[in-house]
Amino acid sequence: MNIEQFYPLFLQSEKITIDSRKIGKNDIFFAFSGENFNAATLAEKAIENGALAVIVEQEDFENKDNNIFYVPSTLDFLQELAIHHRNQLQIPIIGLTGSNGKTTTKEIIHAVLSEKFNVQYTFGNLNNHIGVPLTILSIKPEHEMAVIEMGANHQKEIELLCTISLPDYGYITNFGKAHLEGFGGFEGVIKGKSELYDYLKKNQKTIIVNENDPIQVEKTENYIPKITFGKNNSDYQFELFSEGNFVGLQYKEVKAVSKLTGEYNFTNLCAAASLGLHFGINFEKIKHAIENYTPTNMRSQVVKKEGKTLVLDTYNANPSSMTASLHNFITFEGSKTIIIGDMLELGEESEKEHQNILKLAQELGFNEIITVGRNFKSVNFSSESFENTAELIEYLKLNKIQSENILLKGSRGVALEKSIEFI
């Protein structure tokens, strides 16, 4: 089975899925297999459940009469199908990567552009070598543009995702201390994330630049075309302000306050607003999008619980984002407790970076510092240092936090959100 032969069948499908539990009528099921599971065994059942076609890696499961097709690699076929589909699309695609704030920025950009256009975008955190093809293949004829989030934890990954998504516009949120182990240090992070710039430059596509970020400025110096924000001579200038614990931006005389906490989200708002203005959206509509976007994904999410203010930022953590979160949280009025979880994938820098964060927390003077995870436990010898979230929960059952404000910040693997119901 080759792509050209299969593509007409794809155009008849409702969607692509790799999850046998989510197969609907007229879906195409890609039977990915793991070390301990052969998804090809579900091919016939998938057809019975309404699948239009199934792609399998084992030749003896092929049944062309039932639209079950063999390919040497389901992953390669998925990526090649996505590339073929992308080449048929005549809409602008915005590619997005960075160390921190990718998902929040993607969602705000989607909210802003949706004020005028029918926009498809990366669902959830499907931003890797499987998620990006799935997002590309979810773009339908009615969509007028798309926003594609691209994640990476090693060199050449962004390069691959660019060859699949072929972005017309690109933005790197920032360069931070994330995935240091996979990238080989901070310089490796810069090199890896800049693969988006490399693609855009090679293909004369548009780069969105935060001119307050010296790395972005250096990497895009003398390059055209680009959209800039941040300085007095940038294409778009915004002013930062805050209202309570929430960050906002002002464009000319109009203010828009978000439901996001942290000044670090200001540049995310600026990037979205800049793209909106570039595509001819009135700032009043941009304001509407910003003020109505409600984070629900445990990223800079503020919730009220029994008279307390909780800041939930438990989806990811690295030294850069942790530092920004702590500096932001200390500005909250009233007593403050932080519950911080391990920062993962830091390699040989891990002990030093956890020590640095603990020291910063102590210097900032929070009322209570609780740490969770083996990395923090190795540097924090207080009685409020726990090896995992289960231990934290047992502690919280007996010890009610008294502070008016509580920050939960940690890497995904720590799952600090499981403790929320006990706070």
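Figure 1. Within α8 (residues 186-193), the buried positions are Gly 188, Val 189, Ile 190, Gly 192 and Lys 193. Buried denotes under 20% relative accessible area, exposed over 50%, and partly exposed the range in between, with a 1.4 Å probe and protein chains only. Helices (H or I, at least four residues) and strands (E, at least two) are DSSP runs numbered from the N terminus. The model is predicted: local features need pLDDT of at least 70 and side-chain atom pairs count only at pLDDT 80 or more, whereas totals for chains, interfaces and linings use all residues. Residues are numbered from 1 along each chain as its sequence is written, and side-chain values use heavy atoms, with hydrogens and water left out.

**Figure 2. The nonpolar cores.** A nonpolar core is a set of buried Ala, Val, Leu, Ile, Met, Phe, Trp, Tyr and Cys residues joined through side-chain atoms within 4.5 Å. The largest such core has 68 residues, and Phe 6, Ile 16, Leu 81, Leu 326 and Ile 338 have the most contacts inside it. Helix α1 (residues 3-12) supplies the largest share of this core, five residues. A second, separate core of 37 residues includes Val 119, Tyr 169, Phe 266 and Ala 271. In soluble globular proteins, nonpolar side chains tend to be buried together. Ile 16 is in contact (heavy atoms within 4.5 Å) with Phe 10, Ile 28, Phe 30, Leu 78, Leu 81, Leu 134 and Leu 137, leaving aside its neighbours within four places in sequence.

**Figure 3. Packing of helices α4 and α11.** Helix α4 (residues 102-113) and helix α11 (residues 266-278) pack at an angle of about 30°, with their axes 9 Å apart. Axes are lines fitted to C-alpha atoms, for helices over the stretch in contact, and angles run from 0 to 180 degrees between N-to-C directions. The two helices are therefore roughly parallel to each other; angles under 35 degrees count as roughly parallel, over 145 as roughly antiparallel, 65 to 115 as roughly perpendicular and the rest as oblique. Thr 104, Thr 105, Ile 108, Ile 109, Val 112 and Leu 113 of α4 make the contact with Asn 268, Leu 269, Ala 271, Ala 272, Leu 275 and Gly 276 of α11. By class, these residues comprise eight nonpolar, four polar and no charged. Ala, Val, Leu, Ile, Met, Phe, Trp, Tyr, Cys and Pro count as nonpolar, Asp, Glu, Lys and Arg as charged, and the others, Gly among them, as polar.

**Figure 4. Packing of helices α3 and α6.** Helix α3 (residues 74-88) packs against α6 at an angle of about 50°, with the axes 7 Å apart. The pair is therefore oblique. Gln 79, Ala 82, Ile 83 and Arg 86 of α3 meet Leu 160, Thr 163, Ile 164 and Ser 165 of α6.

Figure 5. Most residues other than glycine have a negative phi, and most peptide bonds are trans. The peptide bond from Ile 224 to Pro 225 is cis, with omega near 10°, and Pro 225 lies in the loop between α10 and β10 (226-229). Lys 252, although not a glycine, has a positive phi of about 55°; Lys 252 is exposed, with a relative accessible area of 60%. Glu 345 likewise has a positive phi, of about 60°, and is partly exposed at 37% relative accessible area.
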